[in-house]
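Please consult the sequence and the structure while reading.

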Amino acid sequence: MATTGISRIDQLLASGGAAIASGDGPDAVGILQDLLIGHGFAGLPGILGAARGVFGPATTSAVRQVQEAAKLPLSGGVDQATLRAMIARRVTKPAASQGYLCLVLDVAFRGLTRVMSLTSQFEGGGMFGAINRNTDGAGLSYGLIQWAQKPRRLREILAGFQQQEPATFAAIFGNGDAALAQALITHTAKINGGVDAAGRTTDAKFDLVNEPWLTRFRNAALEPALQKVQVSVALAAFADTLAKVRSFAPQLVSERALAFMLDLANQHGDAGAESIFKAVSKPGIAQSALFLGMQNESVARVQKKFGPGNVTESTRRRREAFRTTPLLSDQPFQAA
């Protein structure tokens, strides 16, 4: 497994020592909360939650349940054995959090991986199994960065599954029939990803927003091998977008600035992000004003398409989070 960079966690795994409990640092406790959320424990704060990093009653209760299942002493604190049990236990709600990426998937949490993780968590909790059933007219949207069917981005992640894990892909999406699994990719490669203007399927055999496909997509999200594919495909998409952003906005160099633009492109597309940037950018504009202007322009475009409501408010919160969160650095960004 990869080290987390959180000394309290890494030292506990390497050499044991005192259990992590109430009073420990928020970074270490946050890692534990992320792992517990992945095991389906409700009421724990996500990365933007007010109680993030606080080892309170809900965290203690969840730890004790893990200990009980693993037949460990019910201390409520996380010692080495408890942490190893948390890592080994199969998740029910896997998310691309720092702890899960490092300790379960063995993925280093730095550079573009860190930005991808934060972006996916700000958008929808970073869930590998996140699903949008055509509420935006784009057919099925799925996974870490919501690969959408209508713009034919869903095909990208399905093709990644097939190329990198062909046996698992055929087992889950074809129920063991490789030809059916291939037909799914062929369908999502059609014009508009195999849906009409309203996001409804053009072939009843591939109505992806209903069963049996929903269960197949959800099952795929539970497979660590396919989770790693999601990470690799998302990183490739982010790297491509990052190169484009640097070509039209070379003045944007900080982690915060580039993360903001990557999230903007993830929602509006690369061309949309460039259009929003150019609509707001003026010679000599301060970056704070630039990003507030892009936030307002993004929200206005979403409201024009969807009207006031949840989608528009969610967009505003996302832009606001990237502009203001202390989780992002204002220092120059290194992608590697």
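Leaving aside residues up to four places away in sequence, Met261 touches Val245, Phe248, Leu252, Ala273, Phe277, Phe291 and Met294, a contact being heavy atoms within 4.5 Å. The model is predicted: local features need pLDDT of at least 70 and side-chain atom pairs pLDDT 80 or more, while totals for chains, interfaces and linings use all residues. Residues are numbered from 1 along each chain as its sequence is written, and side-chain values use heavy atoms, without hydrogens or water.

Met261 is among the members with the most neighbours in the largest nonpolar core, together with Ile9, Phe173 and Met294; this core holds 98 residues. Its largest share, 12 residues, is supplied by helix α12 (residues 255–280). Such a core joins buried Ala, Val, Leu, Ile, Met, Phe, Trp, Tyr and Cys residues through side-chain atoms within 4.5 Å; buried means under 20% relative accessible area, exposed over 50% and partly exposed in between (1.4 Å probe, protein chains only). Helices are DSSP runs (H or I, at least four residues), numbered from the N terminus.

There are 9 aromatic pairs. Rings of Phe, Tyr and Trp (its six-membered ring) pair if their centres lie within 6.5 Å; planes under 30 degrees apart are stacked, over 60 edge-to-face and the rest tilted.

| Pair | Centre distance | Plane angle | Class |
|---|---|---|---|
| Phe248 and Phe277 | 5.5 Å | 50° | tilted |
| Phe260 and Phe291 | 4.6 Å | 85° | edge-to-face |

Phe248 in helix α11 (residues 224–248) and Phe277 in helix α12 are 29 residues apart. Phe248 is buried at 14% relative accessibility, and Phe277 at 4%. Phe260 lies in helix α12 and Phe291 in helix α13 (residues 287–306), so their pair ties together parts 31 residues apart in sequence. Both Phe260 and Phe291 are buried.

Definitions and conventions. Helices (H or I, at least four residues) and strands (E, at least two) are DSSP runs, numbered from the N terminus.
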